[in-house]
Amino acid sequence: MNRWLLLFLIALTGLRLFLASQAELSPDEAYYYQWSERLDWAYFSKGPGVAVAIRLGTALLGPTELGVRLLSPLLALGTSLVLFALAKRLYSESVASWTVVFMNLVPIFQAGGLVMTIDPLSIFFWSAALLTFWLALERTPQFSVWWPLTGLAMALGFLSKYTNAMQLVSVVLVLALTQRYRKEFLRPGFWSLVGVFLLGIIPPLLWNQQHGWVTVDHLQDD
């Protein structure tokens, strides 16, 4: 990563941290803050990811606007670095640099870098799983730790936003539709990914089983 891009990301993160400390919490953020005061394996409509993120921020900076939002600018920075690494491996450093610049100019990504909702977590873990999955494929047919790490990133994404489970479907489709990768279904790497992911989604499933599958009812009503 060149110096100018790094300075751009550092300055942008600093600006986001400052702006995050200036505005009052949105209704969603205030709601999630209440969750963070009562940590559990799941909640009415979401997994525990956002509550844990807010709990970490407020543990460091107290129950302030910046404490609640602390991880949002840092997750935006992390997503930028992860996608830079992936784009550089797939294409070139120039493509990676422009990918990061343009992504940080997208309004919805900017909003996610300022407020603490499920989306900054979802995007970060989805991006991280993309990178680790590609690193695993680069090392195939040898088994590598990148396979279970992909499962972990996907599980953490699911615990943040349930639709992140669709990333497992994406992985299966990539392997099934790409002839050179179909043998991965017969190798331990893919199944270690699935195993770690399934272990990660057990807590909210058990919570819902104990609470009458309230999340399923909520999603059906929506």
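## Salt bridges

A salt bridge is counted when a side-chain nitrogen of Lys or Arg lies within 4 Å of a carboxyl oxygen of Asp or Glu. The model is a predicted one, in which local features need pLDDT of at least 70 and side-chain atom pairs count only at pLDDT 80 or more, whereas totals for chains, interfaces and linings use all residues. Residues are numbered from 1 along each chain as its sequence is written, and side-chain values use heavy atoms, with hydrogens and water left out. Side chains of opposite charge can pair when their charged atoms come close. By the rule above, the count comes to 6 salt bridges.

One of them joins R187 to E184, with the closest N and O atoms 2.7 Å apart.

Helices are DSSP runs of H or I with at least four residues, and they are numbered from the N terminus. The side chains of R89 and E138 form a salt bridge at 2.7 Å, N to O. This pair links distant parts of the chain, since R89 belongs to helix α5 (residues 71-90) and E138 to helix α8, 49 residues apart. Both partners are partly exposed, R89 at 44% relative accessibility and E138 at 36%. R89 and E138 also belong to a network of salt bridges together with R139.

A salt bridge also brings together the side chains of D119 and K161 (2.8 Å, N to O). D119 lies in helix α8 and K161 in the loop between α9 and α10 (166-177), so the pair ties together parts that are 42 residues apart in sequence. D119 counts as partly exposed because its relative accessible area is 33%; K161, at 26%, is likewise partly exposed.

## Aromatic pairs

Rings of Phe, Tyr and Trp (its six-membered ring) are paired if their centres lie within 6.5 Å; planes under 30 degrees apart count as stacked, over 60 as edge-to-face and the rest as tilted. The structure holds 11 such pairs. Among them is the tilted pair of F158 and Y162, at 4.9 Å centre to centre and 45 degrees between the planes. F158 is buried at 9% relative accessibility, and Y162 is buried at 17%.

The rings of F185 and F190 form an edge-to-face pair, because their planes stand at 80 degrees, with the centres 5.1 Å apart. F190 is buried, with a relative accessible area of 4%, whereas F185 is partly exposed at 23%. Elsewhere, ring pairs link Y31, Y32, W35 and Y43 into a cluster.

S160 lies in helix α9 (residues 146-160) and is buried, at 2% relative accessibility. Contact means heavy atoms within 4.5 Å. Not counting residues up to four places away in sequence, S160 touches G49, I118, L121, S122 and F125.

V196 is placed in helix α11 (residues 188-210) and is partly exposed, with a relative accessible area of 25%. With residues up to four places away in sequence again left out, V196 touches P148, G151, L152 and A155. V196 and T58 are 138 residues apart in sequence and 29 Å apart in space, C-alpha to C-alpha.

## Backbone features

Most residues other than glycine have a negative phi, and most peptide bonds are trans. In this model, however, a cis peptide bond joins T140 and P141, with omega about 10 degrees. P141 is located in the loop between α8 (118-139) and α9.

W213 is not a glycine, yet has a positive phi of about 55 degrees. This residue lies in the loop between α11 and α12 (214-221) and is partly exposed, at 39% relative accessibility.

Conventions
Helices (H or I, at least four residues) and strands (E, at least two) are DSSP runs, numbered from the N terminus. Buried means under 20% relative accessible area, exposed over 50%, partly exposed in between (1.4 Å probe, protein chains only).
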